[in-house]
Structures are given as structure tokens and as C-alpha cells.
Amino acid sequence: MINLKERPYKTVSDSHHQFLRQPNEYREPAVTDPEFYDCAYYASMDLRYLNGIHSGRFRAIERILPMLKDRKILDVGCGGGGITNLYTRVSQDVLGVDFSPVAVRFALNRYPHLRAETLNVFRLTERFQPEEFDVVAANDVIEHVNDHDDFVKNCRQILRPGGLLMIGTDLDDTPATRHRAIKLFRDCLLPFGWNGLRFIMLRILEAPRDKLRDYHKNHVSTLSRPELMELLERHGFKTEKVLTYNFTRGIVRDFVLDLIRWVTRLELRDHQLVICKKLSVGFAIVYQSLYKFSIESAVHQEVAELALLL
């Protein structure tokens with residue numbers, strides 16, 4: 001297994017998702033208690049889903065629902081069941097798992113028709129048979145685990161050949177995460193839309209609660225789009241589709257950010273959803289070799305261009 005203590009990670013410093021690069025620093029998860037996330041947290045998340053505050057994620061997932069029709073789906077890190085319930089629109093064989101028993105109880109009470117159980121994400125292969133699922137989905141999970149390689153390896157082993165792995169997470173290493181001024185500009189556009197106004201009002205109401213417990217402090221590390229795609233391709237997956245989106249949608253806000261994004265070619269959205277296909281062992285070896293060759297060629301080209309400049 002890869003020694004992650006030798007790998008540079010970007011750790012999250014606060015609840016506002018200000019990403020700080022700290023090379024050669026490895027951090028264990030800040031939260032190891034399955035009971036840390038309580039009913040107040042899951043009720044708050046459910047309120048976000050109902051009020052459209054997280055409409056960006058729902059719209060992104062709705063775009064790929066046709067790919068999941070009638071497939072056997074495992075939702076890893078199902079939380080309060082809001083997204084798991086969304087998958088039931090296209091499949092009757094959906095199971096949610098979460099390491100928190102509080103989350104599972106909340107999901108089953110909130111959505112009685114769901115199937116959910118308590119399970120650690122690193123024990124998927126102990127609970128399920130090899131190649132048991134057609135789809136493994138993980139939204140807002142990978143930034144909470146301290147071993148990305150082991151997590152993806154677990155997901156791969158329970159996927160059937162040609163099965164889909166869906167990972168939704170923060171979009172790191174963009175101008176919006178590197179520069180406070182751009183982040184402030186994005187935040188200033190929130191009031192120009194009902195979803196943004198709802199989000200602001202909800203955060204004001206949650207401020208006293210956040211003083212008692214910081215629910216975001218266990219974000220261990222985040223991945224940029226190239227880092228996430230390289231991780232998946234290293235484990236024998238081929239990227240099928242990549243969606244980027246704003247977590248909180250608003251007509252004016254999305255129009256302004258997308259216009260700036262189109263003119264400047266800068267990525268200003270804050271979340272990503274990557275859908276990739278599990279390759280057979282033979283194809284995976286060939287694909288990994290080609291990917292490695294392309295990376296080495298790109299590096300050699302950059303070195304050559306730098307030498308000419310010098």
C-alpha cells in the first residue's frame with residue numbers, strides 16, 4: 001500500500017473551505033467518532049435539499065440519471081439519504097451505506113422506502129461480494145478519507161466489469177480556491193437569486209450551532225480535477241463524463257460566473273462530478289501505460305520548452 005505520509009496533501013483549514021497547500025504534511029481524519037454528525041446536521045442538510053440550496057448538485061446528478069437506469073447502485077456515504085432517494089427514481093435496487101449510525105437512522109426515518117446500513121467505507125469488500133454492483137456512487141466522501149488509493153481500490157473490487165464509479169467532491173486548485181478576492185466576488189453574487197438568499201439566511205441561523213460544533217473540520221484533503229482523474233485512471237478506470245457546477249445555483253450568479261469563465265477560461269465553479277467506467281484488467285494495464293506515456297511526453301515537452309527559453 002502507498003505510504004501516504006510521503007504524499008503532499010492540501011488540507012482544509014476552516015468551514016469556509018479555504019484550501020491551504022501544505023506539502024509533505026499528512027493529517028489523520030479530525031473526526032473518527034461515528035456519532036459526531038448528529039440529527040441537527042442531517043436535518044440541516046435535508047433542509048438544504050428541500051429548499052433548493054444544493055440544487056446545483058441535484059441538477060448535475062439528474063443529468064446522469066439515465067446512465068443509472070435499472071442498475072444495482074451502492075451509495076457510499078449516503079448521509080441523511082437525500083441523494084440516495086434521488087437514485088430510486090431510476091432504479092429499484094439501491095442501497096445506501098454510511099459509517100454513522102445516526103445518518104442511517106435519519107435516512108430510514110426520513111425516507112422509509114430506502115435501504116441503508118452502517119458500514120465503514122474501507123470495509124466494502126468485507127461486506128459485499130466481488131463485482132456485486134453496477135454503480136458505486138460517493139458524494140462528499142473522498143475529501144473525508146485519509147487513503148484515497150485504498151478507498152478507490154475498495155470501490156473497484158465490488159464493481160462489475162464496465163460498472164460506473166461516480167465521485168462528487170469539491171473542485172480544488174482553481175482561481176476561486178486560491179484567491180480570496182475571487183471567492184469574495186462569488187459570495188457577493190449569492191444574494192442575486194432565491195437559492196443564494198436561502199443559503200445566507202440558513203447560515204445566519206446556523207451560526208450559533210457552529211460555535212458549538214464545527215461540522216466541516218474533518219475534511220482531510222481535497223483534489224483538483226487532474227488529481228482526481230489521475231487517481232481514478234491509476235486504478236483502472238476510464239473517465240466517461242466530468243461535470244462541474246456551482247453547489248448553490250442562481251440564474252444571475254451562474255450567468256455572470258459562466259460568462260467570466262467563458263471569456264477568461266478560468267474555472268470558477270466549486271464542485272465536480274466525475275463518472276468513470278471500470279476497465280477489465282487487460283484494458284486497464286494498456287490504458288494506464290498510455291496514460292503514463294502521455295504524462296511523460298508532456299513533461300519532456302515542458303522541459304524542452306524551458307531549455308529553449310534558458
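Of the 310 residues in this chain, 47% count as buried, meaning under 20% relative accessible area, with exposed over 50% and partly exposed in between (1.4 Å probe, protein chains only). This is a predicted model, where local features need pLDDT of at least 70, side-chain atom pairs count only at pLDDT 80 or more, and totals for chains, interfaces and linings use all residues. Residues are numbered from 1 along each chain as its sequence is written, and side-chain values use heavy atoms, leaving out hydrogens and water.

**The whole chain**

- You'll find 12 helices and 9 strands here; these are DSSP runs (helices H or I, at least four residues; strands E, at least two), numbered from the N terminus.
- Among contacts (heavy atoms within 4.5 Å) with a separation of 6 or more, 75% come from residues 24 or more positions apart.
- The accessible surface is about 16,000 Å², and carbon and sulfur atoms hold 59% of that; the areas come from the Shrake-Rupley method with a 1.4 Å probe, and for residues only the protein chains shown count as cover.

**Helix α1 against helix α4**

- Helix α1 (residues 39-51) packs on helix α4 (residues 101-110) at about 45 degrees, with the axes 10 Å apart; axes are lines fitted to C-alpha atoms, for helices over the stretch in contact, and angles run from 0 to 180 degrees between N-to-C directions.
- That angle makes α1 oblique to α4, since under 35 degrees counts as roughly parallel, over 145 as roughly antiparallel, 65 to 115 as roughly perpendicular and the rest as oblique.
- On the α1 side, C39, Y42, A43, D46 and L50 do the touching, and they meet V102, A103, F106 and R110 of α4.
- Those contact residues split into 7 nonpolar, no polar and 2 charged; Ala, Val, Leu, Ile, Met, Phe, Trp, Tyr, Cys and Pro count as nonpolar, Asp, Glu, Lys and Arg as charged, and the others, Gly among them, as polar.

- R89 sits in the loop between α3 (82-87) and β4 (94-98), and R89 is exposed at 57% relative accessible area.
- Setting aside neighbours within four places in sequence, R89 contacts E62 and L65.

**Positive phi**

- Most residues other than glycine have a negative phi.
- D70 has a positive phi of about 60 degrees, though it is not a glycine.
- D140 has a positive phi of about 55 degrees, again without being a glycine; D140 lies in the loop between β6 (133-139) and α6 (148-157) and is partly exposed at 25%.
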